[in-house]
Every structure is written in C-alpha cells, then in structure tokens.
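Please look over the sequence and the structure shown here before reading on.

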Amino acid sequence: MSASGVLSFTQQGWEQVLAKVKRAVVYLDAACAESLHWSCGSTRLLEAVGSPECHLREFESDAVGGGAKQPKAVFVLSRLLKGRTVEILRDIICRSHFQYCVVVTTVSHAVHLTANHVPAAAGAEMEGQQPVFEQLEEKLCEWMGNINYTAEVLHVPLLLAPVAPHLALTPAFASLFPLLPQDVQLLNSVRPDKRKLGSLGDVDATALTPELLLQIRCLVSGLSSLCEHLGVREECFAVGSLSRVIAADLANYTPAKNRRKTAAGRASVIFVDRTLDLTGAVGHHGDNLVEKIISALPQLPGHTNDVMVNMTELTSLRTEEENYNVVAPGCLAQSNDTTAKALWEALLNIKHKEAVMEVRRHLVEAASRENLPIKMSMGRVTPGQLMSYIQLFKNNLKALMNHCGLLQLGLATAQTLKHPQTTKWDNFLAFERLLLQSIGESAMSVVLNQLLPMIKPVTQRTNEDYSPEELLILLIYIYSVTEELTADKDLGEAEEKVKKALAQVFCEESELSPLLQKITDCDSSINLTFHKSKIATDELFISLRDIAGARGLMKQFKSVYVPGNHTHQVSRHHPSDHPLLILFVVGGVTVSEAKMVKDLVASLKPGTQVIVLSTRLLKPLNIPELLFATDRLHPDLGF
C-alpha cells in the first residue's frame with residue numbers, strides 16, 4: 001500500500017503490453033505515450049520490439065501503415081474503441097500487410113458496455129464475456145483480409161504517468177476541468193423546464209452531458225483498477241461540484257463494489273475541484289526549481305507534463321535557433337537512469353536555492369568520476385557555471401552516455417536560470433504580494449484601477465511589461481483570491497475600463513497566440529475587430545466573476561462528501577481514518593502543492609501514506625487555457 005504502488009501499477013500494465021510487442025509495429029496515442037515516457041521509457045519498448053524492421057508510430061489518421069516485412073501491429077490507445085477511433089484503426093490496417101493485430105485499450109470492457117448503452121443489469125450478467133472486444137476482433141480480421149489471421153483486443157489500465165513516488169498524473173484527462181456557474185445555464189438550456197438547476201450545488205450525474213459523464217466513467221474505471229492493484233477498499237470524499245459527481249460514480253461503480261468485498265486494505269480517496277483555489281496554480285509563490293523549468297521551457301510536443309531541453313550545447317552545431325530542431329530535445333522524465341531519476345525526485349521536494357546547488361553537486365561528482373578537468377567554484381550557482389561543467393562532457397561520448405539523464409536536467413536548470421521568464425517570475429511574485437495587501441485594504445475597484453496602467457499595447461511594451469496572457473494570469477489571481485464579489489457602481493466602472501483596455505490590446509497584437517485565438521474565436525489579428533474583442537473580454541469577466549464565487553457553495557458543504565444510498569446516509573468517517581490517503585485534484589496540481597500535501601500529512605498524521613493524483617502538472621499559463629476553454633461540457637472522446 002506504499003506510494004511506490006503508483007509506479008508498480010503503471011509498470012505492471014506496461015509489462016502486459018511489452019509482452020505483446022515482439023517484432024511489431026507499435027502505434028501509440030499521445031496519452032499512452034506520455035504514460036510510457038514517465039514509467040519505463042520508449043527505450044524499454046524498443047528493446048521489447050527487438051526488430052530494426054519495426055517502429056513506434058503515432059496513432060493518427062494519416063499514420064504510415066505496415067509494409068510487407070511488418071506483419072504484426074500493436075495499438076496502444078487511451079480511448080474508447082468506438083466511432084472515429086475505430087475508423088482510424090480500420091484505415092491503418094486496410095493499407096497495411098498485417099496478419100496479427102493487438103489492440104490495447106486503457107478503458108475497461110464495462111465502460112465500453114456503458115458507451116454502447118448496455119444497461120448495468122445486462123452488463124452484470126455478462127461476467128467473463130467481452131462482446132464489444134470480441135466483435136472488434138472479428139472486424140480486425142476482416143480488415144486484415146483473412147478471418148484466419150490473429151486479432152486480440154484487451155484492456156490494460158495505463159491510467160497514470162508516475163512523475164514521482166508520491167505524485168502521478170492522468171494524461172488522458174488533461175483537459176478535464178471543474179464546472180463554473182455559467183455552465184449551469186448551458187446545462188439548463190437542454191433540461192425540461194420543471195427540472196432546472198439552481199446552482200452548481202444542484203449538479204449531479206443526471207445533469208451532465210453524455211460525453212462528460214462518459215469521460216468521468218473512463219477515469220473512474222482507471223482509478224478502480226489502481227485501488228485493486230493497491231489492494232484497498234476505498235472510501236470516497238469530495239470537495240466541489242464536479243468532484244462530488246466523480247466520487248459518487250466511483251462509490252457506486254459496480255466493478256468497484258464487487259472488488260471492495262474482498263479488499264484487505266483501507267484507503268481514503270478525496271477529490272477536490274481545482275476551481276476552489278486557483279491562486280495556488282497561477283501564483284508565483286512556489287519556491288521550486290521544477291515549477292520554474294516547466295513555466296520557462298517549451299512544452300515537449302504531444303505531452304502535457306514535460307518540456308523540451310535544448311541539447312545543441314552538447315554538439316558541434318552552433319547554438320542558433322535554426323539548429324534547435326536538428327538535435328532531438330532532452331526532457332525531465334528519466335525513467336531508466338537511476339541517478340538522474342533520484343536527482344529529479346530531489347528537485348521536486350526541495351527549495352529553489354537548494355535545488356540548483358544539488359544540480360551543481362551532481363554535475364561536479366559526475367565530471368570527477370569521468371576524470372574530466374573540472375574547476376571547482378563555490379558560492380552562488382550561475383547558469384554560466386553550470387554550462388561550463390556540462391560542456392566538459394561535450395567531446396567524450398562515453399561520459400555523455402553514462403550521464404545523459406543528468407546532463408538533460410543540468411541543461412534544463414541552466415536554460416531556466418537565464419530565461420527571461422525566470423526574471424519575470426520575481427516580478428510576478430512582488431506584484432502578487434502588493435495585490436494581496438491592496439485586496440486586504442481596498443475595494444476590488446481600487447485593485448483593478450491599479451492594474452489598468454499595466455495593460456499596454458505591444459508597441460509600448462518592454463520585456464518587463466506584462467503580455468496579454470500574463471495579464472489574464474494576474475486577473476485570475478485577483479478574482480480567485482477575493483471572496484464572492486458584491487456588484488456596485490465603482491466595481492462595474494473599473495471592470496469596464498479593464499475590459500476596454502484589454503480588448504484594445506488584443507486588437508493591436510501583431511500575432512494572436514493560441515490562447516488569444518481561442519478566447520477571441522479569431523485566428524488572425526487582422527480579422528479581429530474591437531467589437532469582437534470586446535465581446536470576448538465581456539465573456540472573460542463572466543468567468544472571472546464565476547471564479548470569485550467558486551467557494552460560495554462551501555458554506556453549504558462544510559463537511560466532505562461521504563457516499564450513502566437512497567435510504568440512509570452511512571455513518572460519517574474522516575479521510576484521515578485510513579492508512580492510505582489518495583488526493584485527486586480535478587483540473588491540475590503544482591509541484592509545490594503536491595509537496596505541501598505530502599509534508600502536511602507527514603506532520604499531522606505520521607505513518608499515513610499519501611499519493612497525490614491529478615489530471616496534469618500545472619504552470620500558470622495552463623489555467624487561462626483551461627478556464628476559458630469552450631469544450632468543458634463536451635470533451636472529445638474520439639468518436
């Protein structure tokens with residue numbers, strides 16, 4: 001029941017996949033690739049494939065098929081085998097020469113029955129049977145062109161990307177985000193008049209869209225598999241409206257009920273809506289190097305939780321930008337390098353200053369072991385100092401290979417320390433402290449008027465000024481840290497001034513970022529009129545007002561949720577009653593928050609194991625992307 005169970009759960013799942021991939025072309029979707037990336041790495045998968053004729057490929061509609069020398073394929077998918085996903089499978093197989101196909105889905109057969117509208121009672125009678133998978137196996141043989149070829153469809157719960165022993169993420173659910181009050185209006189628009197929802201507090205499973213409900217069931221299926229692996233009978237608790245739905249679904253999930261009857265251990269699973277506290281996600285008070293790395297460096301393509309580390313410094317190429325794509329990027333996940341993995345886990349748990357010193361210490365020790373001509377220097381760690389150590393490995397292939405993981409983390413640290421975003425981090429922190437003071441002493445209208453001079457068009461901005469995206473982060477911080485707002489004339493006027501200033505700034509951007517394109521529903525600044533931009537900022541402030549009122553319902557829900565049945569509420573337990581505590585943050589978590597939870601549990605309840613799970617690892621910019629998304633109620637499930 002230890003936290004290391006998160007890693008063993010994921011690795012055990014991948015071992016089942018690896019047992020199937022010998023001499024196969026392997027197709028993975030992004031979420032499964034990310035799980036592999038953090039648990040055992042692509043190297044382990046390639047070793048299991050063991051054939052130069054075979055490759056790893058992204059599962060997409062235009063993916064290359066299998067040639068005449070590639071008779072076997074394995075598809076590893078994080079989605080339901082339905083609709084568009086099955087069409088892509090068909091198209092790839094029909095243009096290939098496969099004679100043996102294995103399809104691995106992370107979604108259980110029970111959820112496939114739900115997706116195909118099979119009643120729960122009928123599903124319960126099918127114990128041991130998997131008609132959805134069996135029907136697809138027949139189709140696979142049909143698409144391969146011979147019913148005597150071999151096809152397998154199986155479920156493996158590859159739910160998690162284990163970032164650390166105490167922290168794991170769910171890449172397939174990276175876009176899952178709690179509901180806002182404005183979503184209640186959208187849900188009401190398709191409900192009968194007599195059954196309108198009054199607030200988020202009235203939302204239950206029957207109120208949600210079919211797509212969102214199915215997405216939740218897919219998540220619940222994976223979490224149930226995790227609890228089975230850990231050997232625990234879980235009690236579910238929730239804080240927040242969407243968390244309450246998820247907790248109730250896990251509590252009432254039929255396979256979970258059956259599993260609990262024989263489980264020996266006990267665990268508490270607490271679901272928490274991210275929207276109840278966005279300050280922790282957009283604020284810059286986390287004194288952690290990893291948070292700064294994630295914020296400063298570009299995202300690794302196809303991933304939600306890792307970054308690209310520029311490796312050209314270790315080559316003979318010039319370090320101009322045009323060469324950045326010539327060399328494959330490094331990353332933070334070092335699943336197969338014991339030393340680098342230990343350093344990574346240390347970085348997650350120590351403060352920024354200690355972390356950069358730890359990186360330096362590891363580089364010095366590695367250089368000494370390789371007999372490289374290192375010059376010791378004490379005092380403050382600088383990016384130049386770290387780079388001088390890293391470049392000692394440059395022309396020594398053996399040393400490079402021995403310490404490749406460490407060098408990636410060292411480069412990530414050096415590149416972050418000298419990144420302009422890191423300097424701005426301190427500016428953010430200083431301004432956030434001023435905001436906290438102002439919010440405590442002044443009306444919200446005064447705080448917004450203080451922000452107004454900082455809203456500058458691109459032609460007037462310097463590197464130290466805030467971009468439109470950064471201004472949105474500050475606004476989210478302000479509205480999240482504030483209690484529920486009381487509308488008055490001064491606040492209305494102050495908000496209107498900020499809306500107009502933002503709308504004008506959006507219009508004058510030379511190029512719209514992906515976030516601004518999403519917010520304005522416009523792909524080019526040339527086509528963005530002030531009228532359209534003002535409509536977008538009006539909608540932004542509806543979301544900001546929703547954030548300010550997010551904790552209003554907490555007055556009605558002082559106790560965490562304990563699931564009961566229709567006839568009576570079970571006797572109330574406390575989450576700390578059990579030896580294992582699993583905290584699931586719906587909507588993302590930061591490195592600092594995960595550490596804080598781990599440390600708090602250790603100090604308040606010694607001996608209790610804690611695992612922090614979340615949909616994704618957050619940096620400040622993720623929050624406006626998630627908050628202003630338009631598909632919360634209608635997630636793309638691949639069909």
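## Helix pairs and single residues

In α14, the residues Ala340, Leu343 and Trp344 meet Gly405, Leu406 and Leu409 in α18. Sorted by class, the residues of this contact between α14 and α18 comprise five nonpolar, one polar and no charged. The model is a predicted one, and in it α14 and helix α18, which covers residues 404-417, pack at an angle of about 30 degrees with their axes 7 Å apart. Angles under 35 degrees count as roughly parallel, and α14 and α18 are therefore roughly parallel to each other.

Another pair is formed by helix α9 (residues 210-230) and helix α10 (residues 241-252), whose axes are 9 Å apart and which pack at an angle of about 55 degrees. The helices α9 and α10 are therefore oblique to each other, and their crossing is right-handed. On the side of α9, the contact is made by Leu212, Ile216, Arg217, Leu219, Val220 and Ser224, which meet Leu242, Val245, Ile246, Asp249 and Leu250 in α10. The residues of the contact of α9 with α10 divide into eight nonpolar, one polar and two charged.

For α2 and α3, the axes come within 6 Å and cross at roughly 100 degrees. Angles from 65 to 115 degrees count as roughly perpendicular, and α2 and α3 are therefore described as roughly perpendicular to each other. In this contact, Leu36, His37 and Ser39 of α2 meet Gly41, Ser42 and Leu45 of α3, and by class the contact has two nonpolar, four polar and no charged residues.

| α14 and α18 | about 30 degrees | 7 Å apart | five nonpolar, one polar, no charged |

Which residues of helix α3 (residues 41-49) are buried? The buried residues are Gly41, Leu45, Ala48 and Val49. Seen down the axis of α3, these buried residues fall within an arc of 155 degrees, so they line one face of the helix. The elements that cover the buried residues of α3 include α1 (5-18), β1 (25-28), α2 (30-39) and β2 (56-58). Just after α3 comes glycine 50, which takes a positive phi of about 65 degrees.

Asparagine 371 has a positive phi of about 55 degrees although it is not a glycine, and its place is in the loop between α15 (352-369) and α16 (383-390). With a relative accessible area of 69%, asparagine 371 is exposed. Aspartate 521, likewise not a glycine, has a positive phi of about 55 degrees; this aspartate sits in the loop between α23 (514-520) and α24 (530-548), and at 62% relative accessibility it counts as exposed.

Not counting residues up to four places away in sequence, glutamate 370 touches Phe393, Lys398, Ala399, Asn402 and His403.

Valine 309 lies in the loop between α13 (289-296) and α14 (338-349) and is buried, with a relative accessible area of 1%. Leaving out residues up to four places away in sequence, valine 309 touches Leu297, Pro329, Gly330, Cys331, Gln408, Leu411, Ala412 and Gln415. The C-alpha atoms of valine 309 and isoleucine 293, which stand 16 residues apart along the chain, are separated by 9.6 Å.

Isoleucine 270, finally, has its place in strand β9 (residues 265-273) and is buried, with a relative accessible area of 12%. When its neighbours within four places in sequence are left aside, isoleucine 270 is in contact with Phe237, Pro575, Leu581, Ile582, Leu583 and Phe584. Isoleucine 270 and methionine 454 are 184 residues apart in sequence, and from C-alpha to C-alpha they are 40 Å apart in space.

Note on methods:
Residues numbered from 1 in each chain as written. Predicted model: local features only at pLDDT ≥ 70, side-chain atom pairs only at ≥ 80, totals over all residues. Heavy atoms only, no water. Axes fitted to C-alpha atoms, helices over the stretch in contact; angles between N-to-C directions. Helix = DSSP H or I, 4+ residues; strand = E, 2+ residues; numbered from the N terminus. Parallel < 35°, antiparallel > 145°, perpendicular 65-115°, else oblique. Left-handed = near helix turned anticlockwise from the far one by under 90°. Contact = heavy atoms within 4.5 Å. Nonpolar A, V, L, I, M, F, W, Y, C, P; charged D, E, K, R; others polar. Buried < 20%, exposed > 50% of the residue type's maximum accessible area, 1.4 Å probe, protein only. Arc of directions from axis to C-beta.
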